[in-house]
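Thanks for coming. I will walk through one structure this morning, and you can follow along on the screen.

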Amino acid sequence: MSRSNVARKIGFLCQASVLILAAVVVAPGGAGASPGSSGAPPPDYVDYCGAQCHDILPGGQGGGVPTWRFLEHAATTLSTQMTNSDDQRNLYEKLPTGYQGLTDDKIGQFMNSASFGMPKGTVPKIVVPEARKDVTISRDDRGIPHIKGVTRDGTTYGAGYATAEDRLWVMDVLRNMARGSGAHFAGEDAKGLQEELWPDIVQTESELQEQVQRLAAGGDEGKQAVHDLESYVAGINGYIDEITKRHGPLDYGSKVPIEYKGTGNVPLNGTEGIRRFTITDVAALVTLMSSKFGSAGGDQVQAAVAKTAAQKRYGPELGGKVWDSLRAASDPETVETLRGEAKPPYGVRPENPRHEAMPDAGSVVKEPLYRGESPSANATSRPTEADQRTGSLKHGMSNALVVSGAHTKSGNPIAVFGPQAGYFAPQVFMLMEIQGPGLSARGVVFPGTGPYVEMGRGVDYSWSATSAHQSSVDSYAVELCNTDGSPASMKSNGYLFRGKCLPMEYLQSVDKLQVWRTKYGIVSHRATVDGVPVAYTRLRSSYRNELASSVAFMRFNTPEYLTGPEKFQEAASLIDYTFNWFYVDAKDTAFYNSGHQPIRSKDVDPDLPMWARPETEWRNWDPDTNSLKGVPSEDHPQSINQDYYVNWNNKTAEGQTYAGFGNSSVHRVDLLDSRVKQGIADGKKMDRAALTQVMAEAGITDLRGERVLPKLLDVLYSNQSNLDPAVTRAVNSLQDWLAQGAKRTTEPGQKTYLDKDAIKIMDAWWPLLVKAIFEPGMGKELYDEVGRNLTIDESPSSNGQHRGSAFEKGWWSYVDKDLRAVLGQKVDGPLPTTFCGTLEQCRNTLSKTLAEAVKKPSEEVYPADSNCVAGDSWCADSIQFKKMGAITVPGISWQNRPTYQQVVEFPTHR
C-alpha cells in the first residue's frame, strides 16, 4: 500500500470512527485494560530538592495513542486532542502574561513539580510489563512515567517499554528518516524533513554495528552502556509484542498506535507490520539527534562564495576585511558565556593561512539529492523547500540562566534552563523519571536513543545544555579524477586520496536519496578551483562515532558517580557533540563546552574550504573509522562558580571562534545578560522567581526593538523638521512601544498585541531599511550572498513557520554598528566601510523606508496561511505544534522559550 498523506488518512479514520469502533474495541477488560494493573505504587525516593524543582513540556507527555482509544475519543468528542498531549500547554502559555507578579511559591502555577516520585494527591496508573516483574511503571496525572526497577536490567527495560508506550510511532518515523526510508514509511509529509536529515548522517548497517562494538570495547562503562541499551531495546520490543498480540476474536490490533493503521503500515484487520527495534536503530537515532543539535560548521563553501563576491566588489584587501567583519568570527562586542582567563584559542584563523580552496566564480553546483536530478545552478541558490520545511528539527536552540549562591537570597545557586527544540504533536522529547540500581534521574529523553535522562535532574543536582557553535565540521576540496586514467571533469566520481585515485562510495536509500562519500566526508558541492574540477565534502568530527557519548549520559544518571561539579565536567568531556553544559547543586555551579574538536594544521583557515591533502588532514585521524584524538578536555572552555552564566547559542568564550555569521554586537543573549546583570547589581539578590522573570520577559521581547530601535530613532531625531507627518506618527508609535519595553505581548487570554501598530511597523520596516542601507554599497551580488549565509531577519513571523524560536540570526549587528558609526558613537570592531552614508543621508534613507513600511498593508506583512487570516500579527507569530502523528495540540501565543524547561534550586546536598 502506498504511503500517502498521513494527516488525510488519520482524518478519514476519525470520520469513520463511529462505524468501525465496535469492530475494533474488545470488551472491557480486554484491549482497554492495562496489563498488570494491580499492585502498590513504588515508594518515595531520596530527593534533595525540597519541592524546589519544577519543569514543563508544553506539548505534553502523551503521544502513543492506541487505535481503540483514539477512535473512541474521536467518536465521542469529535476531537483529535488527547488529555495528556496538551495538559501542560495551558501552564506554559500563562507565563508570558503572568510572570510580573511571580513569586517562588507561585512557580507551581506555571510548571510541574519535578520532585521525585508521584505528586501528592495523585492516584497513579500502574503498569507492569508482561515480560518482567522487576520493574513498575507508574503514571501520574500528566501521564509522566515514573519507572522503578528492582534490578538494573528491569529498570532499563522499563525505560524502553515506557518510551514505546508514549513515542513508538514518533521514534519509528525518526529511525526511518535516519535510514532514508521516511517517505516510504510515513508518506510524503516526511520527505522534506528527511531530505534535510539523511544526507548528513547516512551510515551503513555494518557501520552502525561497528559503533556498538567500539562502545562495548571501551572498558567496563562501555560494556555497561551497551548492556543497558540492549535491555532498553528489549523493553521497546516487549511493548511491541504486547500490542501486536491478539486479545480476542474481534481484536485486530486495537492496541497498536492509530498512525500505523492510518498509513497502512499495519492493516485495519491485522496486527503485523511493526518492525522490531535493534541496537543499531538506537545508534541511528543517536546519530540523527547529535548531528542536528550537536554539530556546528560545514558551511565553508557558502562562506567562500560570499568572500569571493566581497573581493570582487571591493578588491582583494578591502573585500577581505569586509568579509571578515560580516563573518564576525571573533567580534570584541559579543557577549561571551565564559568570562575571565580564556582557554587556548580554538578555530581562530591563522595570520597567514594556506591551502584555501576558493571556488572559481560561478562554478559551484550543489550535489543532487536524487539520481537523475539536475544540479542546482549554483551554490548560492535560495534555500530549497526542504530547507524551509515547516517541521524542521534543524531550527530552534536553547537557553540557560545560572546564578551562583553568592548572588541569591538563599545562598544556594539557582538555574532556569532547557533545550529549545521545536514544538510538535506529540512533542519529540518526552519526560521520564528513572529509579533503579545505579540510576536516578528525572527529565527529558529523545525517544529511541537510550534509557538515560539527557537533560534534567538527579538526586541533588540538575543539568542542561545549549547548542554550541565551535566548528566541528570541515569542508574539503577533493581533486576529482577517473580511475581509468582519463581526464577528470566535474562529473567524475573518483578522487585523489594521498596520491591515489579512489572511487567514491555511492550510497542510496529506500526513498532513492543518494550521496557520494569519500574518506574526507560526504560530497555536498562540485566546482572548479583554478580550473581544476573538485568535489567539496563535509566531514563531521563525530561522524560514525556518535554512540560513544552514551557513557557520559549514563554518568549523568548515576548518583554514585556524579557527586559534584568536577565529576560533572569529567562526564561532559566524554560528549563528542558541540554543546554548552550547565550544572547546579546546593553549593556549586559549573560550565563545560563539549565537542570532539579536531586539531587542525596551524596554517589552515577553518572558516573556508581547504584542499584535501595529507598536511591538511586532522591530526591523529584514522580515515577508515573517522576516529581521532581531538583537543584534550582540559583545554575546553570550562569553569566552576562563575558569578552567573547565560547562554542563548552565543559565543562560548574568548578565543573560541563562532562557526557562522552574525555573532556580534547584538545577539539575543543580550536580553538575558543585561537583565541578570541588573538583578545582581549593587549587592542585589535573586531568587527562582526573579530568574524566571528574566527568562520570561526576554522571551517576549523584540530584540530589534530593544537593542537597535534606539539607534534608528536617534538618527531620525537628529533633524525632525523635514519628516513626513505619517513618519512622525510612526516614530511616536515606535517610541511609545520602546518605552514599554518593545514587547510582543497581550492582555491575559487575548489574541491581539497591545502594541500591534508599532509591531507591524517594525516588522514591515526592518527588511526595507536593511536593503536600503546595505545593497547600494555592497551591490546586489554581495548583498544576496551575505543574505544566504545570514538571514536578514528572524522575527517570530518572518519565517512563516510558527516555530517559536526567533531572533537567533539576523542583520541587527550590522545595522547597529553602522548606525553607531554614523552617529559618531564608539564602535569596537567597526565595519571597515560605512553603508548608511552621512547622518543626513542615513536619516533620509530611514525616513523613506519608514514611510514605505507605514503604507504597507498588514495583509502583506502577515500573509494568510493554514492557521491564520491575513493581517493578524498575533496569529502570524503564534506557535503551532507540528503534527508528528494523529493527535493535535492547539497553538499558543509566541514566546521565545525552551520547549522543555527546568527551574531549580537545591537547598541541601549529600
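**The sheet, the disulfides and the rings**

I start with a pair of strands: S1, residues 53-56, and S29, residues 901-904, run antiparallel to each other and are joined over 4 bridges. Within that pairing, Ile56 sits opposite Gln901 of S29. Before going further, please keep in mind that this is a predicted model.

Those two strands belong to an open sheet of 6 strands, in the order S2-S1-S29-S8-S7-S27, with antiparallel pairing. Which strands stand at the edges? They are S2, at 112-113, and S27, at 644-647; each has a single partner strand, so one side of each has no neighbour in the sheet. Helix H16, residues 688-698, packs on this sheet. The helix touches S1, S7 (398-403), S8 (414-419) and S29, and its direction makes about 35° with that of S8.

Next, the cysteines. How many disulfides does the structure hold? There are 4, and with bonded cysteines counted along the chain they follow the pattern 1-2, 3-4, 5-6, 7-8. I will go through some of them.

Cys49 is bonded to Cys53, with the sulfur atoms 1.8 Å apart. That link is right-handed, with 85° about the S-S bond. Cys49 and Cys53 are both buried.

Then there is Cys481 with Cys501, where the sulfur atoms are 2.0 Å apart. The torsion about the S-S bond is about 100°, so this disulfide is right-handed. The bond links distant parts of the chain, 20 residues apart: Cys481 is in strand S14, residues 473-481, and Cys501 is in strand S16, residues 500-503. Are the two cysteines buried or partly exposed? Cys481 has 10% relative accessibility and therefore counts as buried. Cys501 comes out at 27%, so it counts as partly exposed; the cut-off for buried is under 20%.

Cys836 and Cys842 are also joined by a disulfide, S to S 2.0 Å. With 85° about the S-S bond, the link is right-handed. Cys836 counts as buried at 5% relative accessibility, and Cys842 is buried with a relative accessible area of 0%.

Now to the aromatic residues. A search of the whole structure finds 34 aromatic pairs. One of them is Phe553 with Phe556: the ring centres are 5.9 Å apart and the planes stand at 85°, so the pair is edge-to-face. Both residues lie in helix H13, residues 550-556, and they are 3 residues apart, about one turn of the helix. As a reminder, an α-helix has 3.6 residues a turn, so residues three or four places apart point the same way. Phe553 is buried at a relative accessible area of 7%, and Phe556 counts as buried at 0%.

Tyr783 and Trp811 form an aromatic pair as well, edge-to-face, at 5.3 Å centre to centre and 65° between the planes. This pair links distant parts of the chain, 28 residues apart, with Tyr783 in helix H21 and Trp811 in the loop between H21 and H22. Tyr783 is buried, at 6% relative accessible area. Trp811 is buried too, at 0%.

Phe553 and Phe556 are part of one aromatic cluster, together with Tyr461, Trp463, Phe568, Tyr577, Phe579, Trp581 and Tyr583.

Two arginines also sit over rings. The charged end of Arg339 is over the ring of Tyr644, 4.3 Å from its centre. Arg897 lies over the face of Tyr92, at 4.0 Å from the ring centre.

Last item: Met610, which lies in strand S23, residues 610-611. Met610 is buried, with a relative accessible area of 2%. Leaving out residues up to four places away in sequence, Met610 touches His355, Ala357, Asp474, Ser475, Tyr476, Ala477, Val604 and Thr616. From Met610 to Gln300 is 310 residues in sequence, but 9.0 Å in space, C-alpha to C-alpha.

Terms used:
Residues numbered from 1 in each chain as written. Predicted model: local features only at pLDDT ≥ 70, side-chain atom pairs only at ≥ 80, totals over all residues. Heavy atoms only, no water. Pairing = 2+ DSSP bridges. Contact = heavy atoms within 4.5 Å. Axes fitted to C-alpha atoms, helices over the stretch in contact; angles between N-to-C directions. Disulfide = S-S within 2.5 Å. Buried < 20%, exposed > 50% of the residue type's maximum accessible area, 1.4 Å probe, protein only. Phe/Tyr/Trp six-rings, centres within 6.5 Å; stacked < 30°, edge-to-face > 60°. Lys NZ or Arg CZ within 6 Å of the ring centre and 35° of its normal.
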